[in-house]
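Work through the following exercises with the sequence and the model open beside you. Try each task before reading its solution.

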Amino acid sequence: MKTSNTTAITQKWLEGISYEVAFWNNVYRWPHTFKGMMGWAHYGSAICLEGFDANHFLLANDHPSVYDVGSGMSYAVGDHLEKDGKLIPLDIHYIDPLAFHFNRILKKYKKKLPPIEFGMTEYLSAFIHDASLITIQNALDHSSAPIKGIVEALLALRKGGVLYLNHHPNEAEMEHYKGFHQYNVDEENGELVIWNQSEKTCIGQLLGSFASVEVKRMDNGHIVAIVRRNGDATSLPERLRKYVDDKTDKAELCEVLLNYQYRNTSLARNLKGSIRFGVFNLIQLMAQMLPWSLKMRVKRLIKQA
């Protein structure tokens, strides 16, 4: 069977899991890195999103629900609404495909935080229904099929709902297409663009009247996009249906599953995977011990190399 481009990228994505788990394991291992993360996160306070007044938007919704997709373990979005000077608990869910790993880390380091719920951007409408707001921050470009993820997110929204995207521009280029970094997110002439070395898609043109796209490049360089599902749209346009074709999904999932099992059957491959995690865990162990400013300088030097 010929391996599709999506399947090949998914296999690369799977190989990036060891690094991601090692990173979060060591953020939670050290008190100073955990405290630093929770210091910039909005957990325990009102929802706050760069370039979008989420609090105002959600207060205008009946029974609003928020899904932070590809959340990692950052709890960055905030879990309350603010109304008349008072904080109101918000129905918020933290979604990530590595939830099984992350919940083990929560238990390991005895952190009393909400569990991470399992879900994948590429199949989001199978996990989420009637959402008011879906946020994806620095995670859409980590998925194996980001355009499909956008379409899936729009299907998971209620009519008039918002998909909020916030990403560093062109991360895959900076990371040399390693691990999770297989796609770039950027803004060109007011258009949200997703691209890699083999394809480029203007999201606003693709979605057409099904959803509106407002995109801006913030002063800090972040690409922020507000994608609103059209309240008048009753069904998915024909050109978008290929992204949510169940038969294609089943075929590719079966191929990825069995190919991954085949590639990791031998003792040598299993040992290689364990060694990869051990190496990444050791690197992160040392990296998270460094002061934040020094870590950022080292990261910039690595990216420029």
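**Exercise 1.** Is asparagine 61 buried or exposed?

*Solution.* The model is a predicted one, in which local features need pLDDT of at least 70 and side-chain atom pairs count only at pLDDT 80 or more, while totals for chains, interfaces and linings use all residues. Residues are numbered from 1 along each chain as its sequence is written, and side-chain values use heavy atoms, with hydrogens and water left out. Begin with the cut-offs: buried means under 20% relative accessible area, exposed over 50%, and partly exposed in between, with a 1.4 Å probe and protein chains only. Asparagine 61 has a relative accessible area of 18%, and is therefore buried. Finally, setting aside neighbours within four places in sequence, asparagine 61 is in contact with Ser132 and Arg158, contact being heavy atoms within 4.5 Å.

**Exercise 2.** Find the aromatic pair formed by tryptophan 24 and phenylalanine 102, and classify its geometry.

*Solution.* Rings of Phe, Tyr and Trp (its six-membered ring) pair if their centres lie within 6.5 Å; planes under 30 degrees apart count as stacked, over 60 as edge-to-face and the rest as tilted. This rule gives a count of 9 aromatic pairs. For tryptophan 24 and phenylalanine 102, the centres are 6.4 Å apart and the planes make 70°, an edge-to-face pair. Tryptophan 24 lies in helix α2 (residues 17-29) and phenylalanine 102 in helix α5 (residues 99-108), so the pair ties together parts that are 78 residues apart in sequence. Both tryptophan 24 and phenylalanine 102 are buried.

**Exercise 3.** Determine the strand order of the open sheet, and state which strands stand at its edges.

*Solution.* Two strands pair if DSSP finds at least two bridges between them. The open sheet has 6 strands in the order β4-β1-β5-β6-β11-β10, with mixed pairing. At the edges stand β4 (91-95) and β10 (211-217), each with a single partner strand, so one side of each is left without a neighbour in the sheet. Within the sheet, β1 and strand β5 (residues 131-137) run parallel and are joined by 4 bridges, and tyrosine 67 stands opposite isoleucine 134 in β5.

Note on methods:
Helix = DSSP H or I, 4+ residues; strand = E, 2+ residues; numbered from the N terminus.
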